[in-house]
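Hello,

Here is the structure for you to look over. My notes come after it.

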Amino acid sequence: MTLKTKVSLSFIFLSGIILVLGGLGAYYLNQLAEDSKAILKDNYISLEFVSNMQKALTTLDDPDALTDFETNLKKQEANVTEVGEGQPTQAVRREFIRLRAGATDALLINRIRQHLFAIDDVNRQAIIRKSKIAEQTAKDALLWLGSIGTFCFLIVFSFVINIPSYIAGPIRELTRGIKQISSRNFEERLHFRSSDEFGELARSFNSMAQKLYEFEHSNVAKILFEKKRIDTLVEIMSEGIIGLDEKRRILFINPVAERLLGVERQKLIGQYAPDVATSNDLFRSLIQDIMVAPELATTEVVAQSRQNETGNGLLKIYDTGQNGKGKECYYNKEIHAVEVTPTGETQPIHAGYVIVLLNITPYKELDLAKTNFIATVSHELKTPISAIKMSLKLLTDKRLGSLNNEQQEMVTHVEENTDRLLRLTGELLNMAQVESGQIQLQIQATDPAELVQVATNALKTQAEQKKIQFKLNLSPNLPTVKADSDKASWVLINFLSNAVRHSPDQSAIDITVQQVEEQVEFTVRDYGPGLREEHRERVFDRYFKAPGLNGPFSGTGLGLAISREFIQSMGGQIGLHPDVTPGAGFYFRLANA
């Protein structure tokens, strides 16, 4: 984020604080105005009407008194706003009708006055109550404005304290660094880190200082010393390391690589790597990527050189070991293209390759142990779980006795969790089979329509519970595909199960089967929430579950990973359509038979 953007955001934030305070003040002023208006409109006018009617009662000798009384009574009847005000108003109307009919006894006049007093009392009580409400509103306004104003003041105060130092600090640090460089202290560096202009300035300054330092100390003795230091580090490293120059001649080999290759390094150093590869199978495997694409190199440089990975692979090598007791070990191969920038130059040049062999045998052994443990435990769990399912089926058999509603609900709950355990153990067993490389396939010509029918039948009940409809779109005259029908059906069922789980009720799921070049594509598309962009690349990773889509029966996160292994082992392709929205569209392709 640039400095300009940060300053702009700061001013926008301060403007937002002003708007919040102004809006809050306007809100409470409006509330006070509404409370005052309610008192004037609802209660004070009613008191005025009552007062006018009482005056009219005292001047009944005046011929206009009854007319004035009736006028104010009508206005009062139209302004009944309080609970308990309507009854005395109606009573006044009844007594007024008698008064207008000619009855003028003192008892009638007294009753009218009592009803008017009742109306007066109701409105006076309402005025007192609403005045308290207005007073409370004013207190709330003071409290909120005071609290928010204090909070905003603290934020603004922190801005006042920090922003000047944020701007002045890097400038002060830069000034100090320039003074050190002018004093020929080329080891000086700026250590503040940021992504704005100050950070770019610091990186440029450090790069300049590094260049000056290199120029100041570029002499043969120091270069030789540094070379010996690097040679010593290479010699004592536990990884196998082989260095090649830009013409692919062997520069150095450390003892670990010498032991793995089984050839004395004095016989290898200086040799052309492709020539050595003709007589050494392991070395041929190591430089295979370089021989195929020798132009692989990077242009990014940090200080004098940077190594960039250009190839990798897992190798199984028989290692004799330092004590002479050999065993088969697993090594991860990494090939790095090396670029260097000569002193005084600006463009990096290709300087060769470094091959690194990382011993990952302990991790591989732990992974195999984990795989065997999961496979064993999952296999052993299936027997008791199956026994539980059989017992549940016997419990639901009415010949053994009927269950009440509560018992039936508990049995259903246990059965759902048992099915979930079976599904999880099945996924773990499949993953163990995948990890151990023991996937057993029975490839044969398979009808795509049969795969779709098996999958939809398996998910029919689950879809009906959510009132979801499967919409089939099968192209006519589809050829058979090369597939293991059980595993291909498993993958399609997994797609449909995920789609049903994440689809809203009373929606649809599209199942499309069509010819794509020399393959048949199976696509399952739902209309659920879909996947965020950052999760799409990881959806086929093991144990990955997209945040926000995990319900109580969301599984282990292995289904799609197992599906990918199954499809790839059958020579097919699997993926996620990137342009499907809303929802998600998963597909796999199998070759024509």
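Below is what turned up, from the overall picture down to single residues.

**Overall**

This is a predicted model. The protein has 593 residues, of which 37% count as buried. It contains 17 helices and 12 strands. Take the contacts between residues at least 6 apart in sequence: 64% of them join residues at least 24 apart.

**Confidence**

Mean pLDDT for the protein is 78. A value of 70 or more is reached by 81% of the residues. Strand S10 (residues 519-525) has the highest confidence, at a mean of 94. Strand S3 (residues 305-319) has the lowest, at 53.

One stretch needs care. Over residues 295-312, pLDDT stays under 50. The model still has 51 contacts for that stretch beyond four places in sequence. Where pLDDT is low, predicted coordinates should not be read in detail.

**A helix pair: H2 and H3**

Two packed helices are described by the angle between their axes and the distance between the axes. How do helix H2 (residues 65-77) and helix H3 (residues 86-101) pack? The angle is about 160°, and the axes are 11 Å apart. Angles over 145 degrees count as roughly antiparallel, so H2 and H3 fall in that class. Their crossing is left-handed.

Which residues meet there? From H2 come Leu-66, Phe-69, Glu-70, Leu-73, Lys-74, Gln-76 and Glu-77. From H3 come Thr-89, Val-92, Arg-93, Phe-96, Leu-99 and Arg-100. By class, the contact has 6 nonpolar, 2 polar and 5 charged residues.

**Backbone points to check**

Most residues other than glycine have a negative phi, and most peptide bonds are trans.

- Pro-582 lies in the loop between strand S11 (573-576) and strand S12 (585-591).
- Gln-506: phi is positive, at about 60°, and the residue is not a glycine. Gln-506 sits in the loop between helix H15 (485-502) and strand S9 (508-516). Its relative accessibility is 60%, so Gln-506 counts as exposed.
- Glu-517: phi is near 55°, again positive in a residue other than glycine. Glu-517 is in the loop between S9 and S10. Is Glu-517 buried or exposed? At 74% relative accessibility, Glu-517 counts as exposed.

Best wishes

Technical notes
Residues numbered from 1 in each chain as written. Predicted model: local features only at pLDDT ≥ 70, side-chain atom pairs only at ≥ 80, totals over all residues. Heavy atoms only, no water. Axes fitted to C-alpha atoms, helices over the stretch in contact; angles between N-to-C directions. Helix = DSSP H or I, 4+ residues; strand = E, 2+ residues; numbered from the N terminus. Parallel < 35°, antiparallel > 145°, perpendicular 65-115°, else oblique. Left-handed = near helix turned anticlockwise from the far one by under 90°. Contact = heavy atoms within 4.5 Å. Nonpolar A, V, L, I, M, F, W, Y, C, P; charged D, E, K, R; others polar. pLDDT = per-residue confidence, 0-100. Buried < 20%, exposed > 50% of the residue type's maximum accessible area, 1.4 Å probe, protein only.
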